[in-house]
Amino acid sequence: MEFALDVALWGPKGSGKTSLIYSFGEAINQDYANGYDGFDFLIKDVSGNLINVKAPSEIEDVREGTREARQVNWQFSRVRNQNAPTHSEYTYEQSCHSHWISFIDDAGRNLTEMLENTGDNMDLDRALRRMLRAKHLILLLDHTLLTESNETLDSSAGLQEQLGAYALPEGNGGDSTSPNSEPSVPLATESTVRLTQNQYKTQISNLFGHLTKARGENNEPIHRKIAVCVTKADWLDQGRVEKAVRSEDAAWDIIHDEFGKGMLSLLRRQENVTLKPYVTSAKTESKDEWRPLGVVWPFFWLFEEAEKRQIADQSQKRSIRSTLFRKKIKYSYRPFPSLQWPDGR
Ligand SMILES: Nc1nc2c(ncn2[C@@H]2O[C@H](COP(=O)(O)OP(=O)(O)OP(=O)(O)O)[C@@H](O)[C@H]2O)c(=O)[nH]1
Ligand SMILES: [Mg+2]
């Protein structure tokens, strides 16, 4: 089955992709269970079953790491519910959409190598190429995967480039520390790899290189919306995190402080891209339960952008040139919930 992909989630192995989506599901269940503004929010798996958000330890994908991480995983929909006012048919017609969300990881190898060596794995090949065409992306920056152990190597110009995004030799990571000298963070699976700031940056740089090369259906450049999420924020200072959930500048500051100046300038110099930084946490280490912080905002932003784009494309296709009609579409579209002080979920 070929899915039109709306949102691709990219992050190195173990960066928290599966947790982010489950925690998003949990936040939706907790905060929007009774509908919102005349809509129900539904998240289904590929078989069309509603996601049952269990505790993290009960989810095999989180416990063991996702084995088939490179395929379409979830579908999110906004559907009209019985609380929608009967007179606003048109509004709900404009605002009910579904989005396929896919997770792609890069288990320490660089994307170039993955694209060249998909071998017989047609699904992977298709999934990767579909991701490169996706107009909406979530990039995961996981500071707990960072290691400083290669710092001396990092400063030797050239060598790092030759190494590309190759992972450090796999190990138990036990002697690595996070940048804040936090206690070392347990690794998700044996194949999870740690990266230096420079290696992480090189992976993102590779990704952007491929994204820039990928073209749309008619060979046009693709303008992308990318949510850059600093994940596992429960390991960061909570005061800073709360600020960063609400302030773009504070979120950029965290990216700068955790991932370095190089990462920040790499992200900010991308052309043909609208980037928004987010700080998210799916759970905490201590309890076996989801503790969503900031997780809904990157998704809502991208869904809304995808829907507006779809509406604009449709009206163009139907050559609806009347300004009046366009205005009608614009003003009848219902936005997603927006961040409300003081609860930053
Ligand atoms: N403390 C904390 N741990 C997290 C968070 N998100 C994920 N984890 C843990 O990080 C590990 C990896 O999370 P996953 O969600 O499996 O990451 P993934 O990117 O889907 O991993 P793969 O599918 O193996 O590529 C697991 O042990 C999670 O419990 C978070 O927000 N806070
Ligand atoms: Mg996973």
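Student: Where is the place of Glu217?
Tutor: Glu217 sits in the loop between helix 8 (197-213) and strand 6. Helices (H or I, at least four residues) and strands (E, at least two) are DSSP runs, numbered from the N terminus.

Student: What kind of model is this?
Tutor: This is a predicted model, where local features need pLDDT of at least 70 and side-chain atom pairs count only at pLDDT 80 or more, while totals for chains, interfaces and linings use all residues. Residues are numbered from 1 along each chain as its sequence is written, and chains are lettered from A and ligands numbered from 1 in the order in which they are written.

Student: Back to Glu217, buried or exposed?
Tutor: Glu217 counts as exposed because it has 7 C-beta neighbours inside 10 Å. A residue is buried if 20 or more other C-beta atoms lie within 10 Å of its own, exposed if 12 or fewer, and partly exposed in between, with C-beta atoms placed from the backbone.

Student: How many Å separate the C-alpha atoms of Glu217 and Arg133?
Tutor: Their C-alpha atoms are separated by 8.9 Å, and the two residues are 84 residues apart along the chain.

Student: And Thr192, where does that lie?
Tutor: Thr192 is in the loop between helix 7 (159-163) and helix 8. Thr192 counts as buried because it has 22 C-beta neighbours inside 10 Å. Thr192 and Pro12 are 180 residues apart in sequence, with 8.2 Å between them in space, C-alpha to C-alpha.

Student: Which strand has Ser102?
Tutor: Ser102 belongs to strand 4 (residues 98-106). Ser102 is buried, since 22 C-beta neighbours lie inside 10 Å. From Ser102 to Arg130 there are 28 residues in sequence and 9.5 Å in space, C-alpha to C-alpha.

Student: Zooming out, how many helices and strands are there in the protein?
Tutor: The protein has 13 helices and 9 strands. Of its 345 residues, 40% are buried.

Student: Which residues touch the most other members of the largest nonpolar core?
Tutor: Leu9, Trp10, Ile138, Leu139, Val228, Cys229 and Val279 do, out of 68 residues in that core. A nonpolar core is a set of buried Ala, Val, Leu, Ile, Met, Phe, Trp, Tyr and Cys residues joined through C-beta atoms within 7 Å.

Student: Which helix gives the largest share of this core?
Tutor: Helix 1 (residues 17-32) does, with 6 residues.

Student: What is Ile138 in contact with, leaving aside neighbours within four places in sequence?
Tutor: Ile138 then contacts Val7, Leu9, Ala227, Cys229, Pro298 and Leu302. Two residues are in contact if their C-beta atoms, placed from the backbone, lie within 7 Å.

Student: New topic. How do the axes of helix 9 and helix 10 cross?
Tutor: The axes of helix 9 (residues 238-246) and helix 10 (residues 248-259) cross at roughly 130 degrees and come within 6 Å. So helix 9 is oblique to helix 10. Axes are lines fitted to C-alpha atoms, for helices over the stretch in contact, and angles run from 0 to 180 degrees between N-to-C directions. Angles under 35 degrees count as roughly parallel, over 145 as roughly antiparallel, 65 to 115 as roughly perpendicular and the rest as oblique.

Student: Which residues make the contact?
Tutor: Helix 9 supplies Arg240, Lys243 and Ala244, and helix 10 supplies Ala250, Ala251 and Ile254.

Student: And helix 10 with helix 11? How do those axes cross?
Tutor: Helix 10 and helix 11 (residues 261-268) have axes that come within 6 Å and cross at roughly 135 degrees. They are therefore oblique to each other. The contact involves Trp252, Ile255, His256 and Phe259 of helix 10 with Lys261, Met263 and Leu264 of helix 11.

Student: At what angle do helix 8 and helix 11 cross?
Tutor: Their axes cross at roughly 10 degrees and come within 9 Å. Helix 8 and helix 11 are therefore roughly parallel to each other. Gln197, Asn198, Tyr200, Lys201, Ile204 and Ser205 in helix 8 meet Gly262, Met263 and Leu266 in helix 11.

Student: Last one. What phi does Asp37 have?
Tutor: Asp37 has a positive phi of about 55 degrees, though it is not a glycine. Most residues other than glycine have a negative phi. Asp37 is in the loop between helix 1 and strand 2 (39-45), and it counts as partly exposed because it has 16 C-beta neighbours inside 10 Å.

Student: And Lys232, what phi there?
Tutor: Lys232 also has a positive phi, about 55 degrees, and is not a glycine. Lys232 lies in the loop between strand 6 (224-231) and helix 9. Lys232 is buried, because 26 other C-beta atoms lie within 10 Å.
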